[in-house]
Amino acid sequence: MKAAVVVFPGSNCDRDCKVALERTTGAAVSMVWHMETELPAGLDLIVLPGGFAYGDYLRSGAMAALSPVMTEVRAAADRGVGVAGICNGFQILCEAGLLPGAMMRNVGLKYICKPVELEIVNQQTRFTAAYGGKRRAVMTLGNNDGNFFADDATLDQLEGEGQVVFRYVSNPNGSARDIAGIINSSGNVLGMMPHPDRAFEPELGSADGAMLFQSVLASV
Amino acid sequence: MKAVVHVFLKPGVLDVQGKAVEGALHGHGWTDVGNVRVGKVIEFELRDETATAARSRVEEMCVRLLANPVIEGWRVEIV
């Protein structure tokens, strides 16, 4: 499997994502700087990692969404390449219009940094098939702006079309309909606030994130 | 020429920062204050052109970057 992790100025989970991918799937992982105008050939997965791209200035992910590399990421997504936006990456995908909705300040106003239990709502996606019927997963949240918002029509569509992938068992941030992760209508672009890259080995407290990367491997 | 852009959360979108500010104002005795909304002002210079042309370009800047149309509205002033 060939993967790329995009690095924006202010990304800080890029190395975690690289290590997680290598250890769970044996993937060959390239790091791609946000100013690049070409991606490596033959990619199976592009990861937009967590962090504070552009310092979260203006809005989280707003300026990163206009980085030169995002033209190529969008083109790859249109061709069906897998794209996973984790935390800041999810924010960037929403700002770029690759996923619907927007992220707002957590309803409790506090930065939340803790493991959370998720319900795996759609087991049939490119990112969840390897969970093998497991209904719950524990992964770590670390963010200030993880409150997912979309209007009712969009939320109804996401739920109706099976685009909700993860839900919070106990909603920590006010996200609409307890949504923690979604995919686009083509099923190849995932955005999620919790970090599978912080839950891929038992020593990290949970290895439930490993199966997400392994699902992508199985789909290749 | 100068542009002044006001960006604010759309009515009906929960403004948690606004609520926090409202609570703090109430705590200091200004208990009649309600519906506090916290927005942003972004000001910048741009090349001289007709106000209509400038406004049109700034509107596009708002849609593409300065505001998130999913949750925010905006007002453009050309000075």
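This is a predicted model: local features need pLDDT of at least 70, side-chain atom pairs count only at pLDDT 80 or more; totals for chains, interfaces and linings use all residues.
**View 1. Overall form of chain B.** Chain B contains two helices and three strands, which follow the pattern β-α-β-α-β along the sequence. Its C-alpha atoms fill a box of roughly 50 × 25 × 15 Å along the principal axes. The radius of gyration of chain B is 16 Å, whereas a compact globule of 79 residues would have a value near 12 Å. Of the 79 residues of chain B, 13% count as buried. Among contacts in chain B between residues at least 6 apart in sequence, 69% link residues at least 24 apart.

View 2. The three strands form an open, antiparallel sheet in the order S2-S1-S3. Strand S2 (40-45) and strand S3 (72-78) of chain B are the edge strands, each pairing on one side only. On average, neighbouring strands of this sheet are turned by 20° against each other, direction ignored. Helix H2 (residues 51-66) of chain B packs on the sheet and touches S1, S2 and S3 of chain B; the direction of H2(B) makes about 155° with that of S3(B). Strand S1 (residues 2-9) of chain B is joined to S2(B) by six bridges, and the two run antiparallel. Lys2(B) has Glu45(B) in S2(B) as its bridge partner.

**View 3. The contact between chains A and B.** Eleven residues of chain A are in contact with nine residues of chain B. On the chain B side, helix H1 (residues 16-27) of chain B supplies the largest share, three residues. This side of chain B has seven nonpolar and two polar residues, and no charged residues.

**View 4. Helix H1 of chain A and its surroundings.** Helix H1 (residues 14-25) of chain A has twelve residues and should span 16 Å at 1.5 Å a residue; its end C-alpha atoms are 16 Å apart, so the two values agree. Buried residues of H1(A) include Asp14(A), Asp16(A), Cys17(A) and Lys18(A), and also Ala20(A), Leu21(A), Thr24(A) and Thr25(A). The buried residues of H1(A) pack against strand S1 (2-7), strand S2 (28-33), strand S3 (45-48), strand S4 (82-86) and helix H5 (210-219) of chain A.

**View 5. Pro40(A) in its loop.** Pro40(A) sits in the loop between S2 and S3 of chain A. Pro40(A) counts as partly exposed because it has 14 C-beta neighbours inside 10 Å. Leaving aside residues up to four places away in sequence, Pro40(A) touches Lys2(A), Ala4(A) and Ser30(A). The C-alpha atoms of Pro40(A) and Ile179(A) are separated by 32 Å, with the two residues 139 apart along the chain.

**View 6. Strand S11 of chain A between its partners.** In a regular strand the side chains alternate between the two faces of the sheet. In strand S11 (residues 189-192) of chain A, Val189(A) and Gly191(A) point one way, and Leu190(A) and Met192(A) the other way; all are buried. S4(A) runs parallel to S11(A) and is joined to S11(A) by four bridges, with Ile86(A) opposite Met192(A). Strand S10 (residues 179-183) of chain A runs antiparallel to S11(A), with three bridges between them; Ile182(A) has Gly191(A) as its bridge partner. The hairpin of S10(A) and S11(A) has five residues between the strands, and in this hairpin Gly187(A) takes a positive phi near 80°.

Note on methods:
Residues are numbered from 1 along each chain as its sequence is written. Chains are lettered from A and ligands numbered from 1 in the order in which they are written. Two residues are in contact if their C-beta atoms, placed from the backbone, lie within 7 Å. Ala, Val, Leu, Ile, Met, Phe, Trp, Tyr, Cys and Pro count as nonpolar, Asp, Glu, Lys and Arg as charged, and the others, Gly among them, as polar. Two strands pair if DSSP finds at least two bridges between them. Axes are lines fitted to C-alpha atoms, for helices over the stretch in contact, and angles run from 0 to 180 degrees between N-to-C directions. The expected span of a helix is 1.5 Å times one less than its number of residues. A residue is buried if 20 or more other C-beta atoms lie within 10 Å of its own, exposed if 12 or fewer, and partly exposed in between; C-beta atoms are placed from the backbone. The radius of gyration is taken over C-alpha atoms; the globule rule is 2.2 Å times the number of residues to the power 0.38.
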